[in-house]
Amino acid sequence: MVAMEQRSDQADVVVWGGGTGGAAAAIQAARSGAPTLLLTPGSWLGGMVSAAGVCCPDGNELTPWQTGLWGAFLRELQHQEPEGLDHNWVSCFGYRPATAEAILQRWVGQLPLLRWWPNCAMRAVERQGPRIEAVVVEQQHQLCRVSLQVLIDGSDRGDLLPLAEEPFRLGWEAQEEWNEPSAPSLERLGNDPFFRRQPVQSPTWVVMGQLRTQAAQPGVEIPDSPSLRDPFAGASDTFGLERTITYGRLPGGLVMLNWPLHGNDWHDGLERAFSADSSAQAALAAAMQTHSLAFAQALEEASHGWLGLGNAFPAGAGSPHACMAAMPYWREGRRLRGLHVVIEQNLLPQASGAALAPLPLDDRGAIQSIAVGNYANDHHYPGPDWPLAPKSCRWGGRWSGTPFCIPYAALISSTSENLLAADKAFSTSHMANGATRLQPLILNIGQAAGAAAALAIREGLLPAELPVRQLQETLISDPIAPAGPIPLWDTPWHHPEWAIRQRAALKDPTQITIAGHLRHSSADLDPTGAPEEPGERLWQGQLQPDGEGGYTLELAPAETAERRLWPLITLEPALHTWLQHQVHAQTVRLVGTANPWGPWLRVSRLVS
């Protein structure tokens, strides 16, 4: 074997991994003034939001949580997808993988301080005591030693951690460790073989379907079939074939096939994903791809050809089929042992209804949050749903998760002084991972990690020495993608006092109510004031509250639509509050967008 030559390079910030958080960290570090090098194992860099094909984002759907890089990414998608984002019933947003990847690659290409090396392999991490000095990567059959000041793991599975000899968590923790209400007991972990068979949440290798022209139109039912062929016979039992297929419908009639119930979640031999044996990892990947392709073909057969295989990914980018995602959707991997670990209790609301989880405070009462999430918590395993402590509420005519905060210390290694985590590998428990792993939150965690790395270098500090308040101010005042570290239910991203209220909450946490409002903020919720969105239109009809937090709109006879009675939802706090006060049927005029596959009208403002 001929030894490869090794060259040298340098970057202040090095980000490893093609995850959503890794891309966000690299973009933000470069925007913040640090020469940055992004290293990805594939030719796409977006992780969950593009390369893995998870193009119906969960969590952070309400406008108060649409801040930071997540909010900027969402608004770019709204303008780049001519058909809009309202196409499925699992999310309020659906887009094509290539659209998301084009946005991220454009952002990367606009930054002179950011270099991106795709198709790399990480070969070694060099360290001196608690400090990481350099990484050695292979690209185009050449080794390169890259010296650095701050290293960020932006991978989906925490792949950097074992190479860096960094301690990590993997898999389940017993209830006795942190008293998490949904965790299994130590005795059960030791005696039930389920936990050995299922070390982490089940991943999915997403496959894209394509609806035929007629089937892609709203209001046209896909002909049902008595059953899918084995081994997927139960996949559509609960929802029916049409709802199973339109669950993840995207623009252009693409269909994200990411179905947990007897679908293409993968449960077997998951320990191979964390093996040093590359042949074991390759065998797992091949089995997952074969399984997902068989699921797509079974749906094609059951729908009598109305669903075919879609073309959504670059050929040869991790899969031999253009319908297959370039990488798996890893819901969980190795998790950093950070200065703080986020546990289930940190995510649960302090009261029923629209309430906040406890704010992360230091011993002086200062808020330590750098990102907000709100996903309800969701774990994927074979068999019945895992019972989880509830953290949802009825809001805006639909169910939404209650918000929680991620403290900065959860991104910082407890053993390596210049290592940060920017993706799902940040410091959480296994149970908390079910709510902290979603695309929007990970985008903003990555943004915080990148901003922290650049700030620490500029100030001559270690990441752990960086004042959290300085990082929070950097995020709030970002000129391109201002990010809110505080969950304020009544203050959307476009509110004229958004930044003022974020700073006021940080200055005096006692002014934040459990319901997520500032005690002395002005009651200026205007249901007519939300900004315009591409593709919206005026809807007129009879509003009918159901008395339980739900609403329908019966369209006026003059309206032309495929249905007359629509469920009504909103993501806007002002309109939500207005709707809450309506107890009788009345004629209204609302602006919004129809989603026939929801089905619902997503409305943003009232027309007086």
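User: Does Gln-66 count as buried or exposed?

Analyst: A word on the source comes before the case: this is a predicted model, in which local features need pLDDT of at least 70 and side-chain atom pairs count only at pLDDT 80 or more, while totals for chains, interfaces and linings use all residues. Residues are numbered from 1 along each chain as its sequence is written, and side-chain values use heavy atoms, with hydrogens and water left out. Buried means under 20% relative accessible area, exposed over 50%, and partly exposed in between, with a 1.4 Å probe and protein chains only. Gln-66 has 6% relative accessibility and therefore counts as buried.

User: Where does Gln-66 lie, and which residues is Gln-66 in contact with?

Analyst: Contact means heavy atoms within 4.5 Å, and helices (H or I, at least four residues) and strands (E, at least two) are DSSP runs numbered from the N terminus. Gln-66 sits in the loop between β2 (36-39) and α2; leaving aside neighbours within four places in sequence, its contacts include Asn-60, Glu-61, Arg-75, Phe-93, Trp-493 and Leu-571.

User: How far does helix α11 reach from its first C-alpha to its last?

Analyst: The expected span of a helix is 1.5 Å times one less than its number of residues. Helix α11 (residues 439-459), with 21 residues, reaches 30 Å, close to the 30 Å expected. Of these 21 residues, 19 are buried, so α11 is largely enclosed by the rest of the structure. Just after α11, Gly-460 takes a positive phi of about 70°.

User: At what angle do the axes of α1 and α11 cross?

Analyst: Axes are lines fitted to C-alpha atoms, for helices over the stretch in contact, and angles run from 0 to 180 degrees between N-to-C directions. The axes of α1 and α11 come within 7 Å and cross at roughly 35°. Residues making this contact include Gly-21, Ala-25 and Gln-28 of α1, together with Leu-443, Gly-446 and Gly-450 of α11.

User: How many disulfides does the count come to?

Analyst: A disulfide is a pair of cysteine sulfur atoms within 2.5 Å, and by this rule the count comes to zero. The sulfur of Cys-393 is 14 Å from the closest cysteine sulfur, in Cys-92, which is too far for a bond. For Cys-405 the closest cysteine sulfur is in Cys-393, at 15 Å, again too far for a bond. Cys-393 is buried, with a relative accessible area of 3%, and Cys-405 is buried at 4% relative accessibility.
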